[in-house]
Amino acid sequence: QPPVQALRQYSLDSFEIGRKLGKGKFGKVYCARDKATGYVCALKVMEKKELIHFKVEKQFRREIEIQSNLSRHPNILRLYGHFHDSSRVFLILEYAGQGEMFKVLRKKGRFGDVLASQYICQIASALSYLHKKHIIHRDLKPENLLIGLDGEVKLSDFGWSVHTPSSRRTTMCGTLDYLPPEMVEAKDHDHKVDLWALGVLTYEFLVGNPPFEEPAHKATYKRISKVDLKIPPSVSVEAADLIRRLLQHQPERRFPLDQIPDHPWIVKNRPLWPNSSSGELRSN
Ligand SMILES: CC(=O)NC[C@@H]1CCN(c2c(Cl)cnc3[nH]c(-c4cn(C)nc4C)nc23)C1
């Protein structure tokens, strides 16, 4: 039967709460086990008064609506259900066995071509799935990526996703590093903003920091607007080619997602067998 029955009514009492996994944007996330099925999941808890205070209840409702409708994709974190009590709202999320991407990246400093290209190819597949459903993620960055038990990437945190085409209404907060020129210039934007962010992510995976990072916001804006991109010689020729093709000022010139699996950088670094990156041979 499905890991978490979609129609069953859940309450906090349906779960044994485990360790705190960390903090999302507006709440805490705990490891939890569904008492009825023994299934392990991640329970995201948010205070209703916090959602109201930050005026993000609309964004939050959109997150639920979008993520619930995303049925199976191996690189998108599942939202199985949600429930609330008098003061809190709870999201029942898929548990990602290897945790947060940004922590792995900070610990490793940067990724090699094989690992980075596998991650980028998986993220491109997830974005392609979203775009086909007319959804743009709009907040692609290492902090919003998780890693599953088999090392696969899981796109999560759809708090900023919208249906295309859209012009941003909510003021942005957090890092500007991933914003494309059309959003920095607050122009209308479409799914191609995710292509720009994928280019920034590719650069950050390989170099360890985002390409337009500056201490001051204004300086970052300027570098993004001018696409003031300097790719260090440590980055392979093939990777640099993909980064340049994604970080195009004009959205329509950005490299299409469905051509990414055939890009030389991805092809050259694809392991002979899937799951062979960990060196062992496994029957699938
Ligand atoms: C995208 C996002 O919301 N990130 C912040 C939340 C923190 C834990 N969240 C998890 C969520 Cl939402 C789902 N699965 C997770 N697994 C882990 C985790 C596993 N290990 C071994 N260590 C950790 C940590 N964390 C999660 C997400």
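Modeller: In this predicted model, a nitrogen atom of the ligand lies 2.8 Å from a backbone N or O atom of alanine 96. The side chain of arginine 19 also takes part: one of its N or O atoms is 3.3 Å from a nitrogen atom of the ligand. Both pairs count as polar contacts, because the cut-off for such a pair of N or O atoms is 3.5 Å.

Around the ligand there are 19 residues, and those that come nearest are Leu21, Glu94, Ala96, Gly99 and Ser156. The ligand on its own exposes 570 Å², of which the protein buries 89%. Its place is the largest pocket.

Next comes the question of which parts of the chain form the shell. Two or more residues each are given by β1 (15–23), β5 (88–94) and β6 (99–100). Strand β1 gives the most, with 4 residues. Sorted by class, the shell holds 8 nonpolar, 6 polar and 5 charged residues.

Strand β1 also has a part in the aromatic pairs, of which the count is 8. In one of them, the ring centres of phenylalanine 15 and phenylalanine 83 are 6.0 Å apart and the planes are at 10 degrees, so this pair is stacked. Planes under 30 degrees apart count as stacked. The pair links distant parts of the chain, since phenylalanine 15 belongs to strand β1 and phenylalanine 83 to strand β4 (residues 79–84), 68 residues apart.

Note on methods:
Residues are numbered from 1 along each chain as its sequence is written. This is a predicted model: local features need pLDDT of at least 70, side-chain atom pairs count only at pLDDT 80 or more; totals for chains, interfaces and linings use all residues. Side-chain values use heavy atoms; hydrogens and water are left out. A residue is near a molecule or strand if one of its heavy atoms lies within 4 Å of it. A polar contact is a pair of N or O atoms within 3.5 Å; within protein, one must be able to donate a hydrogen and the other to accept it, and residues adjacent in sequence count only if both atoms are side-chain atoms. Accessible areas come from the Shrake-Rupley method with a 1.4 Å probe; for residues, only the protein chains shown count as cover. On a 1 Å grid over the protein atoms alone, a cavity is a set of points where a 1.4 Å probe fits but cannot get out, and a pocket is an open set with protein on both sides within 12 Å along at least five of seven lines; lining residues have an atom within 4 Å of a point. A molecule sits in a cavity or pocket if more than half of its atoms lie within 2 Å of its grid points. Ala, Val, Leu, Ile, Met, Phe, Trp, Tyr, Cys and Pro count as nonpolar, Asp, Glu, Lys and Arg as charged, and the others, Gly among them, as polar. Rings of Phe, Tyr and Trp (its six-membered ring) pair if their centres lie within 6.5 Å; planes under 30 degrees apart count as stacked, over 60 as edge-to-face and the rest as tilted.
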